[in-house]
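Hi everyone, thanks for coming.

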Amino acid sequence: MKGPSFYFQKMSLTRQILTIILTVLMFFIMFFFVFVSDNIDRTITKQMYELILNRQTSIVGLVDSKQTDSIDDIYAFLASDSVQTNCIIQDGKMNVISNQSSKRKPVNHKVYEYLLDQSKQMNSENEEALQGTIIVANSKYYYRLIYCHDGIILASFMDDTYATQFRDSLIDSTVYVIVIAFMIVFLIILMWVFSIIHPLNLIRNYIEQIKDGKEVELHLNRDDEIGEMATAIVKMNEELKKQDKAKEDMIHNISHDLKTPIATIKSYAESIKDGIYPYGTLESSVDVILDNAQRLENKVHSLLYMNRVEYLVASDAEGVVTNMKDVVEQVVLNAAVIRPEIQVITDVEEVFFDGLIEAWRVAIENIMENAFRYAKSYIKIEVREDWLCISNDGPKMPEDRIQSLFRPYEKGEGGRFGLGLSIVSKVCKANHYIVKGENSEDGVRFIIYRKTKKQKKKKENNWVKNKGEKA
């Protein structure tokens with residue numbers, strides 16, 4: 001069953017970011033109404049109680065003072081309070097002392113009855129103030145009762161008009177700030193996404209035009225991963241062009257090389273058929289035909305050899321191992337007649353490398369062929385666990401040649417197709433080994449190795465270095 005992540009990955013980047021933004025927005029709305037709204041209500045309730053307390057403080061001081069002789073004086077003092085209703089409760093009776101003509105909602109008589117009932121629970125000046133809310137006729141009231149002196153209790157309350165206005169103002173302010181912040185973040189994200197999508201579109205167009213065989217350029221002034229990817233693609237295109245050019249040259253050279261022996265064989269055969277011996281005698285002329293036929297066979301064999309190696313590299317060799325001692329001994333035995341004057345020194349342990357024996361034999365043969373081409377007096381082969389080195393005392397390689405050793409169709413001096421070392425590289429990579437070529441003190445060496453644990457790797461590197469110094 002395909003999950004949401006599957007469909008999400010199928011979207012374009014623009015749709016993905018819009019989906020993320022909408023999801024975050026929905027989460028924010030739920031969060032706001034469930035959490036923030038509840039906190040705002042608690043904050044407003046606390047603010048209302050503090051507002052009533054601040055107003056009651058002045059009233060309590062006035063009630064407790066001896067400067068007022070009657071309720072009328074207190075009523076006159078509080079006549080200007082248009083927000084809060086204040087009542088004095090004494091001997092079970094309630095006197096409203098706020099200006100009832102102020103523009104407030106009409107107070108339901110049940111509010112007074114409720115406050116009067118609550119006041120009966122307060123019978124001492126040490127009694128803590130009572131505060132809370134009451135809902136009457138769909139109107140919410142905030143109240144607070146406090147004990148003054150001599151049995152006088154001050155009861156103050158206000159409706160939810162001010163609270164509603166304050167809540168609306170607070171929510172509006174909060175929403176405005178959040179919306180503005182969200183829009184700014186949204187625009188920043190859109191700009192960021194566009195800065196990603198635009199260069200990706202340029203890269204896609206670049207690849208499509210390359211696929212169509214057009215000559216195009218790609219320039220991205222970026223130092224991030226996208227810029228690195230663009231640079232890698234451009235370099236890959238340049239390398240592919242270089243390899244294609246080398247491949248074309250190779251095919252041209254092979255075609256020319258094949259054409260020459262074919263033309264010679266054909267012309268000599270036609271001459272012999274006509275009773276003419278181009279090389280003096282029949283035997284000599286037939287020898288020329290045989291020599292060119294051998295040349296032709298060798299070139300065809302080389303082409304078939306390349307295809308066979310590609311097949312070996314692509315073959316599934318999971319779990320297959322090769323005894324490298326057997327491979328080296330077989331290759332050395334077959335190569336001994338190439339240049340008898342070159343001494344082949346072997347220092348080989350019986351170790352096993354991952355991979356097919358035929359693939360490793362081809363790789364070792366190619367390195368040995370390269371070594372025989374340049375060696376002056378000796379070739380040395382050393383094999384240890386996960387490590388193989390073939391060195392010779394031939395001329396050292398230029399630095400640029402070392403960098404391009406394993407590229408396909410790169411021919412060195414005296415090379416044929418430029419595929420030998422690239423085949424070695426393919427075999428090594430297919431079996432998770434690393435191959436490198438480098439100059440030694442008295443020549444050149446090729447090393448095949450595999451990274452293992454850090455301690456083992458360090459030991460092998462030191463061993464390679466020591467062996468190189470001795471060589």
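**A strand on the inside**

Let's start with strand E12: six of its six residues are buried, so the rest of the structure largely encloses this strand. Keep in mind that we're looking at a predicted model.

Where does E12 run? You'll find it at residues 444-449. Now, a bit of background: in a regular strand, side chains alternate between the two faces of the sheet. With that in mind, look at both sides of E12. On one side you have Val444, Phe446 and Ile448, on the other Arg445, Ile447 and Tyr449, and all of them are buried, which leaves both faces covered.

Which sheet order does E12 belong to? There are five strands in an open sheet, and reading across, the order goes E7-E9-E10-E12-E11, with mixed pairing. At the edges sit E7 (343-348) and E11 (434-439), each of which pairs on one side only. From one strand to the next, the twist averages 10°.

What packs on this sheet? That's helix H9, residues 357-374. H9 touches E7, E9 (378-384), E10 (387-392) and E12, and its direction makes about 20° with that of E10.

Next, the neighbours of E12. As a reminder, strands of a sheet pair through backbone hydrogen bonds, and that can be parallel or antiparallel. On the E11 side, six bridges make the link, and the two strands run antiparallel. If you want to spot some pairs, Asn439 is opposite Val444, and Lys436 is opposite Ile447. How many residues does the hairpin between E11 and E12 pass through? Four.

E10 also pairs with E12, again in the antiparallel sense and over six bridges. Here, Leu388 has Ile448 as its bridge partner.

Is Asn323 buried or exposed? Its relative accessibility is 10%, and buried means under 20%, so Asn323 counts as buried. Its side chain reaches the backbone nitrogen of Lys325 at 3.0 Å. Setting aside neighbours within four places in sequence, Asn323 is in contact with Glu350, Val351 and Phe352.

One last stop. An unreviewed UniProt entry lists residues 16-36 and 175-197 under "transmembrane region". In the model, the 175-197 span is 100% helix and 0% strand, and its end C-alpha atoms lie 31 Å apart.

Terms used
Residues are numbered from 1 along each chain as its sequence is written. This is a predicted model: local features need pLDDT of at least 70, side-chain atom pairs count only at pLDDT 80 or more; totals for chains, interfaces and linings use all residues. Side-chain values use heavy atoms; hydrogens and water are left out. Buried means under 20% relative accessible area, exposed over 50%, partly exposed in between (1.4 Å probe, protein chains only). A polar contact is a pair of N or O atoms within 3.5 Å; within protein, one must be able to donate a hydrogen and the other to accept it, and residues adjacent in sequence count only if both atoms are side-chain atoms. Contact means heavy atoms within 4.5 Å. UniProt positions are given in the numbering used here, feature names are shortened, and annotations may be inferred rather than shown by experiment. Two strands pair if DSSP finds at least two bridges between them. Axes are lines fitted to C-alpha atoms, for helices over the stretch in contact, and angles run from 0 to 180 degrees between N-to-C directions.
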